[in-house]
Amino acid sequence: MKKAIICVDDEKIILNSLKSQLKKFFGNEYIYETVDDPVDVLDVIDELVGESVSIFVIVSDWLMPRMKGDELLIKIHEKYPKITKILLTGQASKDAVEMLYDKVDLHECVLKPWNEDDLFETMLSGLKKAEALI
């Protein structure tokens, strides 16, 4: 089974850093997709699913143009509830984060700038959660 991790952020430098760190942690065990426009994410997920790729985790920024991360994670959860969702932010309000824990079963909120070890632990637990659901 092919497995994927998707990272969404409007800043390419953040996406490059995330992808690099994830590859360092998990090697070639996963396909790593980066998306810099949240409006395109569902199309990317649909395409991967159409190619029999299981989406295990999505890591999304909160403050992005065209669509905020909470709105994006709600849309993803409605169509793909088994994908483990992680919010990566330096901007989200406590209320927005708490709403996501309730509404989309948010796995974790990681604050920017993130610590590599914390990111690894969050991803590891998120991937274990995804394995259990798939």
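Reader: Across which strands does helix α5 lie, and at what angle to β3 does the helix run?

Author: Helix α5 (residues 116–133) lies across β1, β3, β4 (84–89) and β5, at about 140° to β3. Axes are lines fitted to C-alpha atoms, for helices over the stretch in contact, with angles from 0 to 180 degrees between N-to-C directions. Helices (H or I, at least four residues) and strands (E, at least two) are DSSP runs, numbered from the N terminus. The model is predicted: local features need pLDDT of at least 70, side-chain atom pairs count only at pLDDT 80 or more, and totals for chains, interfaces and linings use all residues. Residues are numbered from 1 along each chain as its sequence is written, and side-chain values use heavy atoms, leaving out hydrogens and water.

Reader: Why are β2 and β5 called edge strands?

Author: The open sheet has five strands in the order β2-β1-β3-β4-β5, with parallel pairing. Two strands pair if DSSP finds at least two bridges between them. β2 (31–35) and β5 (108–111) each have a single partner strand, so one side of each lacks a neighbour in the sheet.

Reader: What makes β1 and β2 a pair?

Author: Five bridges join β1 and β2 in the parallel sense, against the required at least two. Cysteine 7 stands opposite threonine 34 in β2.

Reader: Why is α3 described as roughly parallel to α4?

Author: The two helices pack at an angle of about 0°, with axes 11 Å apart. Angles under 35 degrees count as roughly parallel, over 145 as roughly antiparallel, 65 to 115 as roughly perpendicular and the rest as oblique; α3 is therefore roughly parallel to α4. Asp70, Leu73, Ile74 and His77 in α3 meet Ala96, Met99, Leu100 and Lys103 in α4, where contact means heavy atoms within 4.5 Å.

Reader: Why is aspartate 10 called partly exposed?

Author: Buried means under 20% relative accessible area, exposed over 50%, and partly exposed in between (1.4 Å probe, protein chains only). Aspartate 10 has 31%, so the residue is partly exposed. Aspartate 10 lies in the loop between β1 and α1 (12–26).

Reader: What is meant by a nonpolar core, and which members of the largest one touch the most others?

Author: Such a core is a set of buried Ala, Val, Leu, Ile, Met, Phe, Trp, Tyr and Cys residues joined through side-chain atoms within 4.5 Å. The largest has 27 residues, of which Ile6, Ile45 and Ile58 touch the most other members. A second, separate core of 20 residues includes Ile14, Phe26, Trp114 and Ala130.
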